[in-house]
Amino acid sequence: MLLKKMALGLAAPVALLGLAGCATGFPAQVQRFQALPAPQGQTFIIQAADAENRGGLEFGRYAGLVRQHLIQQGFTEAGPGQGASLIVTLDYGVDNGRERIVSSPGFGYSGFYRPRFSRFGYFGGRRHPFYWGWHDPFWGDPFGHDVRSYTVYTSFLDMDIRRAGDGQAVFEGLAQAQSRTDDLPVLVPNLIEAMFTGFPGNNGERVRITVPDGPRAPRY
(Lines give C-alpha, C1' and ligand atoms only; values in the text may rest on other atoms or scores of the structure.)
Protein backbone atom coordinates (compact mmCIF):
# COMPACT_ATOMS: atom_id res chain seq x y z
CA MET A 1 0.00 0.00 0.00
CA LEU A 2 1.51 3.30 -1.09
CA LEU A 3 0.15 5.35 1.78
CA LYS A 4 1.33 2.84 4.35
CA LYS A 5 4.84 3.20 3.00
CA MET A 6 4.55 6.95 3.57
CA ALA A 7 3.26 6.54 7.13
CA LEU A 8 6.43 6.80 9.13
CA GLY A 9 7.93 9.32 6.78
CA LEU A 10 5.37 11.71 8.24
CA ALA A 11 6.12 10.81 11.83
CA ALA A 12 8.69 13.47 12.65
CA PRO A 13 7.90 15.34 15.86
CA VAL A 14 6.71 18.46 14.04
CA ALA A 15 4.97 16.67 11.21
CA LEU A 16 2.05 15.31 13.14
CA LEU A 17 0.53 16.57 16.31
CA GLY A 18 2.90 17.86 18.93
CA LEU A 19 2.15 16.83 22.47
CA ALA A 20 2.43 20.01 24.50
CA GLY A 21 0.15 19.00 27.31
CA CYS A 22 -3.21 17.28 27.11
CA ALA A 23 -5.66 18.40 24.46
CA THR A 24 -9.38 17.77 24.14
CA GLY A 25 -10.35 14.88 21.89
CA PHE A 26 -8.21 12.61 19.75
CA PRO A 27 -6.28 14.57 17.07
CA ALA A 28 -5.29 12.76 13.89
CA GLN A 29 -3.87 13.61 10.49
CA VAL A 30 -5.79 12.12 7.57
CA GLN A 31 -4.74 11.99 3.93
CA ARG A 32 -7.13 10.73 1.28
CA PHE A 33 -7.00 10.12 -2.47
CA GLN A 34 -10.34 9.21 -3.91
CA ALA A 35 -12.34 8.65 -7.05
CA LEU A 36 -15.14 6.87 -5.23
CA PRO A 37 -18.45 6.91 -7.11
CA ALA A 38 -21.63 7.85 -5.29
CA PRO A 39 -23.34 4.82 -3.73
CA GLN A 40 -25.62 3.17 -6.29
CA GLY A 41 -26.03 -0.32 -4.97
CA GLN A 42 -22.32 -1.20 -4.82
CA THR A 43 -21.50 -4.06 -2.49
CA PHE A 44 -18.30 -4.52 -0.50
CA ILE A 45 -16.25 -7.01 1.45
CA ILE A 46 -13.57 -6.15 4.03
CA GLN A 47 -10.26 -7.95 4.26
CA ALA A 48 -7.05 -7.58 6.26
CA ALA A 49 -3.89 -6.51 4.47
CA ASP A 50 -1.92 -8.83 6.74
CA ALA A 51 -2.93 -12.44 6.10
CA GLU A 52 -2.21 -13.28 9.75
CA ASN A 53 -5.06 -11.00 10.84
CA ARG A 54 -7.68 -12.57 8.58
CA GLY A 55 -10.30 -14.32 10.66
CA GLY A 56 -8.91 -12.83 13.89
CA LEU A 57 -11.20 -11.50 16.58
CA GLU A 58 -9.32 -8.22 16.92
CA PHE A 59 -9.46 -7.55 13.19
CA GLY A 60 -13.13 -8.52 13.23
CA ARG A 61 -13.85 -5.76 15.70
CA TYR A 62 -12.19 -3.10 13.54
CA ALA A 63 -13.80 -4.46 10.37
CA GLY A 64 -17.18 -4.21 12.10
CA LEU A 65 -16.64 -0.50 12.75
CA VAL A 66 -15.64 0.11 9.13
CA ARG A 67 -18.67 -1.91 8.00
CA GLN A 68 -21.00 0.33 10.00
CA HIS A 69 -19.54 3.46 8.46
CA LEU A 70 -19.73 2.14 4.90
CA ILE A 71 -23.36 1.11 5.38
CA GLN A 72 -24.12 4.57 6.74
CA GLN A 73 -22.55 5.98 3.57
CA GLY A 74 -25.02 3.99 1.47
CA PHE A 75 -22.94 0.96 0.48
CA THR A 76 -24.11 -2.62 1.06
CA GLU A 77 -22.11 -5.49 2.47
CA ALA A 78 -22.00 -8.52 0.19
CA GLY A 79 -23.66 -11.58 1.66
CA PRO A 80 -21.95 -14.98 2.10
CA GLY A 81 -21.07 -16.46 -1.25
CA GLN A 82 -22.01 -13.29 -3.12
CA GLY A 83 -19.61 -11.40 -5.29
CA ALA A 84 -18.72 -7.87 -4.19
CA SER A 85 -18.13 -4.88 -6.43
CA LEU A 86 -15.69 -3.25 -3.97
CA ILE A 87 -12.86 -4.76 -1.92
CA VAL A 88 -11.90 -2.84 1.22
CA THR A 89 -8.44 -3.61 2.61
CA LEU A 90 -7.40 -2.54 6.11
CA ASP A 91 -3.98 -2.28 7.68
CA TYR A 92 -3.08 -0.78 11.04
CA GLY A 93 -0.27 -0.65 13.53
CA VAL A 94 1.75 1.32 16.04
CA ASP A 95 5.49 1.86 16.27
CA ASN A 96 7.79 1.08 19.18
CA GLY A 97 7.65 4.61 20.47
CA ARG A 98 10.07 7.47 20.87
CA GLU A 99 11.09 9.05 24.12
CA ARG A 100 10.29 12.70 24.64
CA ILE A 101 12.43 14.65 27.07
CA VAL A 102 10.95 17.81 28.56
CA SER A 103 12.95 20.35 30.53
CA SER A 104 10.96 22.78 32.68
CA PRO A 105 13.07 25.74 33.83
CA GLY A 106 10.11 27.43 35.47
CA PHE A 107 9.36 29.91 32.68
CA GLY A 108 8.31 27.50 29.97
CA TYR A 109 9.63 24.27 28.59
CA SER A 110 11.67 22.82 25.81
CA GLY A 111 11.34 19.31 24.48
CA PHE A 112 12.78 16.94 21.94
CA TYR A 113 12.33 13.37 20.84
CA ARG A 114 14.72 10.52 20.69
CA PRO A 115 14.23 6.81 19.99
CA ARG A 116 14.18 4.33 22.83
CA PHE A 117 17.43 2.39 23.19
CA SER A 118 19.16 -0.13 25.38
CA ARG A 119 22.75 -0.58 26.50
CA PHE A 120 23.24 -2.79 23.45
CA GLY A 121 22.13 -0.07 21.05
CA TYR A 122 18.91 1.05 19.48
CA PHE A 123 15.90 -1.27 19.72
CA GLY A 124 13.18 1.03 18.37
CA GLY A 125 12.73 -0.96 15.14
CA ARG A 126 13.63 -0.47 11.51
CA ARG A 127 11.45 2.61 11.25
CA HIS A 128 14.03 4.80 12.95
CA PRO A 129 17.50 4.12 11.51
CA PHE A 130 19.45 6.03 14.15
CA TYR A 131 20.03 6.12 17.89
CA TRP A 132 21.79 8.17 20.52
CA GLY A 133 24.84 6.67 22.19
CA TRP A 134 25.89 6.50 25.81
CA HIS A 135 27.34 10.02 25.68
CA ASP A 136 24.04 11.67 24.86
CA PRO A 137 24.61 15.25 26.13
CA PHE A 138 20.92 15.81 26.82
CA TRP A 139 20.54 13.31 29.66
CA GLY A 140 22.01 15.72 32.20
CA ASP A 141 20.86 19.30 32.74
CA PRO A 142 23.70 21.51 34.03
CA PHE A 143 21.22 24.29 34.90
CA GLY A 144 19.25 22.20 37.38
CA HIS A 145 16.00 22.28 35.44
CA ASP A 146 13.29 19.73 36.06
CA VAL A 147 13.79 17.06 33.37
CA ARG A 148 11.22 14.36 32.75
CA SER A 149 10.50 11.95 29.94
CA TYR A 150 7.67 9.92 28.48
CA THR A 151 7.16 7.73 25.43
CA VAL A 152 5.22 8.91 22.38
CA TYR A 153 3.78 6.36 19.96
CA THR A 154 2.79 6.88 16.32
CA SER A 155 -0.16 4.80 15.10
CA PHE A 156 -1.70 4.46 11.67
CA LEU A 157 -4.73 3.12 9.83
CA ASP A 158 -4.41 2.43 6.09
CA MET A 159 -7.63 1.81 4.14
CA ASP A 160 -7.78 1.02 0.41
CA ILE A 161 -10.90 0.45 -1.66
CA ARG A 162 -10.60 -1.17 -5.10
CA ARG A 163 -13.04 -2.31 -7.74
CA ALA A 164 -13.27 -6.08 -7.62
CA GLY A 165 -13.60 -6.40 -11.38
CA ASP A 166 -10.34 -4.79 -12.48
CA GLY A 167 -8.50 -3.95 -9.25
CA GLN A 168 -8.65 -0.23 -9.92
CA ALA A 169 -8.17 1.86 -6.78
CA VAL A 170 -11.05 4.21 -5.98
CA PHE A 171 -9.97 5.23 -2.47
CA GLU A 172 -6.65 5.34 -0.60
CA GLY A 173 -6.66 6.74 2.91
CA LEU A 174 -4.12 7.05 5.70
CA ALA A 175 -4.91 8.22 9.23
CA GLN A 176 -2.11 8.81 11.75
CA ALA A 177 -1.89 9.97 15.33
CA GLN A 178 0.59 10.39 18.15
CA SER A 179 -0.33 9.36 21.67
CA ARG A 180 1.12 8.18 24.94
CA THR A 181 -0.46 4.75 24.56
CA ASP A 182 0.30 1.90 22.16
CA ASP A 183 -2.99 0.12 22.89
CA LEU A 184 -4.36 -0.74 19.43
CA PRO A 185 -7.91 -1.56 20.64
CA VAL A 186 -8.04 2.04 21.87
CA LEU A 187 -6.20 3.69 18.98
CA VAL A 188 -7.66 1.96 15.92
CA PRO A 189 -11.33 2.80 16.60
CA ASN A 190 -10.36 6.46 16.93
CA LEU A 191 -8.36 6.31 13.69
CA ILE A 192 -11.36 4.74 11.95
CA GLU A 193 -13.58 7.53 13.25
CA ALA A 194 -11.12 10.11 11.91
CA MET A 195 -10.92 8.34 8.55
CA PHE A 196 -14.69 8.53 8.10
CA THR A 197 -15.06 12.12 9.26
CA GLY A 198 -16.00 14.00 6.09
CA PHE A 199 -15.64 10.76 4.09
CA PRO A 200 -14.64 10.33 1.31
CA GLY A 201 -13.10 13.80 1.37
CA ASN A 202 -11.44 15.73 -1.42
CA ASN A 203 -8.91 14.01 -3.64
CA GLY A 204 -5.37 14.60 -2.41
CA GLU A 205 -6.34 16.47 0.75
CA ARG A 206 -4.51 16.22 4.05
CA VAL A 207 -6.55 17.37 7.01
CA ARG A 208 -6.32 17.55 10.78
CA ILE A 209 -9.31 15.92 12.40
CA THR A 210 -10.11 15.77 16.09
CA VAL A 211 -12.35 12.94 17.25
CA PRO A 212 -14.42 14.18 20.22
CA ASP A 213 -13.72 12.81 23.67
CA GLY A 214 -15.40 9.51 24.38
CA PRO A 215 -14.82 6.13 25.97
CA ARG A 216 -12.27 5.22 23.28
CA ALA A 217 -10.18 8.38 23.48
CA PRO A 218 -6.65 7.73 24.83
CA ARG A 219 -4.53 10.11 26.81
CA TYR A 220 -1.76 11.76 24.80
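**An aromatic cluster and the core**

Tutor: Phe-171, Phe-196 and Phe-199 are linked by ring pairs into a cluster. Keep in mind that this is a predicted model.

Student: How many aromatic pairs does the whole structure hold?

Tutor: Two of the pairs can be described here. The rings of Phe-171 and Phe-199 have centres 5.0 Å apart. For Phe-196 and Phe-199 the centres are 4.7 Å apart. A search of the whole structure gives the total: three.

Student: Is the pair of Phe-171 and Phe-199 stacked, tilted or edge-to-face?

Tutor: Look at the angle between the planes. Under 30 degrees would be stacked and over 60 edge-to-face. The planes of Phe-171 and Phe-199 stand at 50°, so the pair is tilted.

Student: How many residues apart in sequence are the parts that Phe-171 and Phe-199 tie together?

Tutor: Phe-171 sits in strand E10, residues 169-179. Phe-199 sits in the loop between helix H3 (184-195) and strand E11 (205-211). The parts tied together are 28 residues apart.

Student: Are Phe-171 and Phe-199 buried or exposed?

Tutor: The cut-off for buried is under 20% relative accessible area. Phe-171 has 1%. Phe-199 has 9%. Both Phe-171 and Phe-199 are therefore buried.

Student: Which residue lies over the face of Tyr-150?

Tutor: This is a charge over a ring, judged with CZ of Arg or NZ of Lys. The distance from the ring centre of Tyr-150 is 4.2 Å. The residue is Arg-180.

Student: Which element gives the largest share of the largest nonpolar core?

Tutor: That core has 37 residues. Val-66, Val-88, Met-159 and Ile-161 touch the most other members. Elements giving two or more residues include strand E1 (26-34), strand E2 (43-48) and helix H2 (57-73). The largest share is seven residues, and it comes from H3.

Student: Is Leu-86 buried or exposed?

Tutor: Leu-86 lies in strand E4. Its contacts beyond four places in sequence include Phe-44, Phe-75, Ile-161 and Val-170. Its relative accessible area is 6%, so Leu-86 is buried.

Student: Where does Ala-78 lie?

Tutor: Beyond four places in sequence, Ala-78 is in contact with Thr-43, Phe-44, Ile-45, Gly-83 and Ala-84. Ala-78 is buried, at 11% relative accessible area. Strand E3 covers 76-77 and strand E4 covers 86-94. Ala-78 lies in the loop between E3 and E4.

Student: What is the C-alpha distance from Ala-78 to Ile-46?

Tutor: Ala-78 and Ile-46 are 32 residues apart in sequence. In space, their C-alpha atoms are separated by 9.6 Å.

Student: What share of the contacts with a separation of 6 or more joins residues 24 or more positions apart?

Tutor: The chain has three helices and eleven strands. Of its 220 residues, 44% count as buried. For contacts between residues 24 or more positions apart, the share is 75%.

Notes:
Residues numbered from 1 in each chain as written. Predicted model: local features only at pLDDT ≥ 70, side-chain atom pairs only at ≥ 80, totals over all residues. Heavy atoms only, no water. Helix = DSSP H or I, 4+ residues; strand = E, 2+ residues; numbered from the N terminus. Buried < 20%, exposed > 50% of the residue type's maximum accessible area, 1.4 Å probe, protein only. Contact = heavy atoms within 4.5 Å. Phe/Tyr/Trp six-rings, centres within 6.5 Å; stacked < 30°, edge-to-face > 60°. Lys NZ or Arg CZ within 6 Å of the ring centre and 35° of its normal. Core = buried A, V, L, I, M, F, W, Y, C linked by side-chain atoms within 4.5 Å.
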